[in-house]
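I opened this model to look up its helices and its aromatic residues. My entries follow the order in which I went through them.

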Amino acid sequence: MNPNKKMSKELTVEEWSMVARAVMSLIVTSNLSEIPKNDMQIVKWLTAFCSDINKEIIELSFHQ
């Protein structure tokens with residue numbers, strides 16, 4: 001896979017849901033005490049991002 005290749009495909013709701021679950025699974029199963037303090041901001045951002053994705057998915061499911 002070429003890391004410089006830009007992807008133009010938009011993700012479906014199901015794909016976003018899988019991404020959020022995978023990221024949260026990695027965070028939950030990691031040993032947070034081993035993560036350097038300056039990297040915890042990334043973990044917090046990813047957690048908030050996944051939370052936002054899940055909220056959007058729930059909202060979209062009510063409107064369908």
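The entries below go from the whole chain to single residues.

**Basis.** I am working with a predicted model, in which local features need pLDDT of at least 70 and side-chain atom pairs count only at pLDDT 80 or more, while totals for chains, interfaces and linings use all residues. Residues are numbered from 1 along each chain as its sequence is written, and side-chain values use heavy atoms, with hydrogens and water left out.

**Whole chain.** I looked up the secondary structure and found two helices and zero strands. Helices (H or I, at least four residues) and strands (E, at least two) are DSSP runs, numbered from the N terminus. The chain exposes about 5900 Å², of which carbon and sulfur atoms supply 61%; accessible areas come from the Shrake-Rupley method with a 1.4 Å probe, and for residues only the protein chains shown count as cover. Of the 64 residues in the chain, 11% are buried. I use buried for under 20% relative accessible area, exposed for over 50%, and partly exposed for anything in between (1.4 Å probe, protein chains only).

**Helix 2.** I checked the length of helix 2: its 24 residues should span 34 Å at 1.5 Å a residue, and its end C-alpha atoms are 35 Å apart, which agrees. The expected span is 1.5 Å times one less than the number of residues. Val43, Cys50, Ile53 and Ile57 are buried in this helix. I then asked what the buried residues of helix 2 pack against. They pack against helix 1, with contact meaning heavy atoms within 4.5 Å.

**Aromatic pairs.** I counted rings of Phe, Tyr and Trp (its six-membered ring) as paired if their centres lie within 6.5 Å; planes under 30 degrees apart are stacked, over 60 edge-to-face, and the rest tilted. By this rule there are two aromatic pairs. Trp16 and Phe49 form an edge-to-face pair, 6.0 Å centre to centre with 70° between the planes. Trp16 lies in helix 1 and Phe49 in helix 2, so this pair ties together parts that are 33 residues apart in sequence. Trp16 is partly exposed at 33% relative accessible area, and Phe49 is partly exposed at 31%. Trp45 and Phe49 form a stacked pair, 5.1 Å centre to centre and 10° between the planes. Trp45 and Phe49 are four residues apart in helix 2, so about one helical turn separates them. Trp45 is exposed, with a relative accessible area of 55%. I note Trp16, Trp45 and Phe49 as one aromatic cluster.

**Surface patch.** Leu11, Trp16, Val19, Trp45 and Phe49 make a nonpolar surface patch of about 460 Å². Patches are made of residues with over 30% relative accessible area and no salt bridge; like charges are joined within 9 Å, and nonpolar side chains (Val, Leu, Ile, Met, Phe, Trp, Tyr) within 5 Å. A salt bridge is a side-chain nitrogen of Lys or Arg within 4 Å of a carboxyl oxygen of Asp or Glu. Helix 1 (13–29) and helix 2 (40–63) each supply at least two residues of the patch.

**Trp16 and Glu56.** Which residues does Trp16 contact, leaving aside its neighbours within four places in sequence? I find Leu11, Phe49, Ile53 and Ile57. Glu56 is found in helix 2 and is partly exposed, with a relative accessible area of 46%. Trp16 and Glu56 are 40 residues apart in sequence and 9.9 Å apart in space, C-alpha to C-alpha. I also looked up Glu56 and Val13, which are 43 residues apart along the chain and have C-alpha atoms separated by 9.1 Å.
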